[in-house]
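I opened this model to look up its aromatic contacts and one stretch of its strands. My notes are below the display.

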Amino acid sequence: MHKKNNFLRPLFLATALALGFFLGGKLNFSHTPERLFTTNSKKDKLNQLIDYIDYEYVDDINTDSIVDVTVNNILETLDPHSVYISKDDMAQVSENMKGDFVGIGVNFYLYKDSIAVIKTVPNGPSYLAGIKGGDRILIADNDTLYGKHLQNSEIVEKLKGKEGSVVNLKVYRGDENKILNFSVTRGIIPIKSVQHYYMLSSDMGYIKVNRFAESTFKEFKTALADLQEKGATKLTLDLRDNPGGYLEVAEKMADEFLKKGKLILFTKNKKGKIDKTYATDDGSFEDKPIYVLINERSASASEIIAGALQDNDVGTIVGRRSFGKGLVQREMELGDGSAIRLTVSRYYTPTGRSIQKTYKNGVKDYYQRFTDRYHSGELVSLDSVKVVDSLKFITPKGKVVYGGGGIIPDVFVPIGSNQEEAVESLDNAGFISYFIFEHLDEDRQRYADYSQKEFIHNFKVDDILFDRFVDYALRNKINMSFYEFQDSLKLFLKASLAEQLFGANIYAKIKGEADAMLKQVLRLDQSFVNQPKEYQ
């Protein structure tokens, strides 16, 4: 079951998943303190210390929390991306990276004192049972869910279950003023990593990928095949705000665009062992125009794809300098349900460059350097991006690229103004979506006669709805130049309406009309088309 927290759609790069290190072992109390610090191994010292505190310390201490703190402190001294996943967090982390879970398939808000369905997952259990957007889930089996101010985690616990199990729901449907009964058979619900896709122009497809999970490549191939059936001979791959994920998935995706034998990347471990990954003959989008969108929050696996294409002189990288993560982690279980992701190697792009930014001054400095980009001017001007001549590399066709601190795009697109970013933030935070939910909740039937096509081409947000949004924002202490950015806000309101009425792809298509990077791609593509044949 998907859930949306009010105004809390993620905005920022997830810098690292919580992970850790288990200090196990039995203490032999015949050991003296002197022996503890002279003959035992390093790990035995830590084991002994924890056991001494557990059994001998004057007050009761939660040694599990001490272990967690100790492990995090140890890993923090290594690098910013060696991290700990506690036992409590492991299930959710695994679920997110697996790409699916078992549930009833609804997006919901905790609205006032009840669970309000925003929309059902297409062809999911709730959709097939007949549950609709706007319904209130009142009772699940014998558990009352309204009027209790339940936490999200409690609701998820009640609605999740084993695949094939049945949950009996009582649902209030406002526009019929009825309480309805539904028996919903729980099923596999995908956690989409291909966030949306659609035709950007008559011959160019667009795919937005938000992370690299187990299911990502399969989702990507499905989306790409669908777009190709619709006439896509060009592609825009949007990796903005994508923090990465599985290395193997990024390699497979890069392989789609590179000819057999082309180097995708190589890794090197502490012993100097080098492993190279080459493209195979499986690529389904070779020798076709490809544009890759990146920004300052594109990291890890996103940078692998951008670097592989850039260094092989394939496609065009558009946007702003990426995050700069060139380390590879391996997940290692610790026996108690927790795990660590430990950095085991560095990766290098085909020309031999590492794009990992320095972390020699610690984690705090590492992320401060990321924040400093906002103040240095590099998000506004390409000239403000600092490069090091000693990290200069040359691609096979003579293009100059740089290592250290991320992938610098071939075509730079500056970040929007503060006000433009504020509008985007309102949308990303779920604020606009929440307003639209309340608007639809008053009377969903006013939009019942719109088809997707009619809505996209004919519907316009009128001044009445816009003024209501402004009043709503002011009541929630949001202050900005609303009327100066009226056109953008109306577009975002329309997009949010489309998302709740028709789904994510229509939302993205409408919102994309105001996207500076997509506009740049279309200009680049038109310029390429208009070139004399010998330059194409």
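The entries cover aromatic pairs, charges over rings, and then a set of strands.

**Entry 1: aromatic pairs**

I noted at the start that this is a predicted model. I looked up the aromatic pairs and found 26 in the structure. I took Y359 and Y366 as one example: their ring centres are 6.5 Å apart and their planes stand at 75°. Planes over 60 degrees apart count as edge-to-face, so I wrote this pair down as edge-to-face. I then checked Y366 for accessibility; its relative value is 0%, so I counted Y366 as buried.

The next pair I looked up was F431 with Y472. Here the centres are 5.1 Å apart and the angle between the planes is 40°, which I logged as tilted. Buried means under 20% relative accessible area. F431 has 4%, so I listed F431 as buried. Y472 is at 6% and also went down as buried.

**Entry 2: a cluster and two lysines**

I went back to Y359 and Y366 and found both in one aromatic cluster, together with F323, Y367, F370 and Y374. The F323 ring has a charge over it: the charged end of K357 sits there, 3.9 Å from the ring centre. I also looked up K490, and its charged end sits over the ring of F466 at 5.8 Å from the centre.

I moved to strand β7, residues 166-173, and asked which side chains are buried. V167, L169, V171 and R173 point to one face and are buried.

How many bridges join β5 to β7? I found four between β7 and strand β5, residues 136-140, and the two strands run antiparallel. In this pairing I137 stands opposite V171 of β7.

I then followed β7 to strand β8, residues 178-185, and found eight bridges, again in the antiparallel sense. V166 has T185 of β8 as its bridge partner. β7 and β8 form a hairpin with four residues between them. In the turn I checked N177, which has a positive phi of about 50°.

Notes: Residues are numbered from 1 along each chain as its sequence is written. This is a predicted model: local features need pLDDT of at least 70, side-chain atom pairs count only at pLDDT 80 or more; totals for chains, interfaces and linings use all residues. Side-chain values use heavy atoms; hydrogens and water are left out. Rings of Phe, Tyr and Trp (its six-membered ring) pair if their centres lie within 6.5 Å; planes under 30 degrees apart count as stacked, over 60 as edge-to-face and the rest as tilted. Buried means under 20% relative accessible area, exposed over 50%, partly exposed in between (1.4 Å probe, protein chains only). A charge sits over a ring if NZ of Lys or CZ of Arg is within 6 Å of the ring centre and within 35 degrees of the ring normal. Two strands pair if DSSP finds at least two bridges between them.
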